[in-house]
Amino acid sequence: MAQPKLPKSLKVERRGAVSILTLARPEKRNALDDTTILGIETFFATVPAEVKAVLLNAEGKHFSAGLDLSELKVLSTEEGIAHSRMWHGIFDKIEFGRVPVVTVMHGAVVGGGLELAAATHIRIAERSAYYALPEGSRGIFVGGGGSVRLPRIIGVSRMMDLMLTGRTYGAEEGQAFGISHYLVGESEGLAKGVEIATRIASNSPTTNFAIMNVLPRIAEQDRASGYVMESLTAAIAQANEDAKKRINDFLEKRAAKVERK
Ligand code: 1HE
């Protein structure tokens with residue numbers, strides 16, 4: 001499927017099976033206005049079949065300053081609910097979509113910017129990255145699914161600390177707390193991100209689907225249901241032609257070993 005036109009706050013580039021989506025509104029520190037959020041939805045709804053993973057990154061000194069506050073200041077309560085529900089729908093489509101998403105973060109990863117990163121699957125932080133949820137000091141609340149996703153990543157207690165005190169966590173704290181999976185030097189994020197996204201893109205699509213869509217659901221189920229769901233998923237995945245070929249490749253010494261380099 002050809003990708004439709006996106007707003008100028010988003011750029012897209014292809015590297016093999018990886019599509020790179022870049023937040024490109026650095027003059028507003030990549031604040032997420034409705035146009036950008038709807039553009040992100042369009043991008044993910046129209047990822048071409050040959051794209052097997054997405055890399056999300058951002059232009060300028062900061063990943064994202066979060067929600068565009070100039071739009072929020074005119075919303076009524078009902079409009080505020082609709083606005084938040086719009087973010088929920090779009091971020092859910094990212095989290096439970098077809099393509100795994102690797103996010104490269106640097107500078108401010110704040111409010112809705114952190115919520116967006118949390119809806120993606122693998123996060124890489126450059127050393128300049130820092131995290132904050134300034135909603136408390138702005139008199140608002142997270143609205144992009146942050147209260148659902150972030151406690152599952154960093155715990156309710158740390159999220160309370162971020163929101164009540166307005167403090168920031170640096171890149172190393174973020175790495176220790178599980179916000180990022182990888183911590184790299186300045187300007188090294190893109191290369192690392194492409195490397196990881198390319199590796200993810202080489203997995204079986206069935207397994208990637210199960211990792212993104214089945215694993216998180218099993219983790220939220222009771223054990224008995226989880227075991228049943230796991231058996232079904234494992235049985236479907238292994239019966240795949242692709243799985244048979246990959247297993248044969250290993251047995252016939254054509255596939256890579258699992259070695260620590
Ligand atoms: C913005 C926004 C924004 C910058 N909405 N316009 N997020 C925040 O509370 C974070 C607010 N932003 C900041 O604290 C700072 O901008 C930064 C630390 C990220 C960067 O500082 P700096 O000195 O590089 O830039 P700046 O001068 O503050 O901003 C440059 C321009 O971007 C300026 O506009 P200009 O027209 O005067 O040039 C800023 O007004 C504009 N700008 N951030 C709108 N966020 C779904 S619910 C989620 C709830 C939230 O995300 S709350 C968190 C909101």
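Predicted model: local features only at pLDDT ≥ 70, side-chain atom pairs only at ≥ 80, totals over all residues.

Reader: What makes strand E4 mostly covered?

Author: Strand E4 spans residues 101-105, and five of its five residues are buried. Buried means under 20% relative accessible area, so each of these five residues falls below that cut-off.

Reader: Which residues of E4 are buried on each of its faces?

Author: Val101, Thr103 and Met105 are buried on one side, and Val102 and Val104 are buried on the other. In a regular strand the side chains alternate between the two faces of the sheet.

Reader: Why are strand E3 and E4 said to pair?

Author: Pairing needs at least two bridges between the strands. E3, residues 53-58, and E4 have three bridges, in the parallel sense, so they count as paired. In one of these bridges valine 54 has valine 101 of E4 as its partner.

Reader: What joins E4 to strand E6?

Author: Four bridges join E4 to E6, residues 122-126, and the two run parallel. With at least two bridges required, these strands therefore pair as well. Valine 102 has isoleucine 122 in E6 as its bridge partner.

Reader: How many cavities of 30 Å³ or more does a search of the whole structure find?

Author: The search finds one. The volume of the largest cavity is about 30 Å³.

Reader: Why does the lining of the largest cavity count as six nonpolar residues?

Author: Leu21, Ile40, Phe44, Leu56, Ile94 and Leu116 line this cavity. Leu, Ile and Phe count as nonpolar, so the lining divides into six nonpolar, no polar and no charged residues.

How values were computed
Residues numbered from 1 in each chain as written. Heavy atoms only, no water. Buried < 20%, exposed > 50% of the residue type's maximum accessible area, 1.4 Å probe, protein only. 1 Å grid on protein atoms, 1.4 Å probe; cavity = no way out; pocket = protein on both sides within 12 Å on 5 of 7 lines; lining within 4 Å. Points joined across faces, edges and corners; volume = space filled by probe spheres on them.
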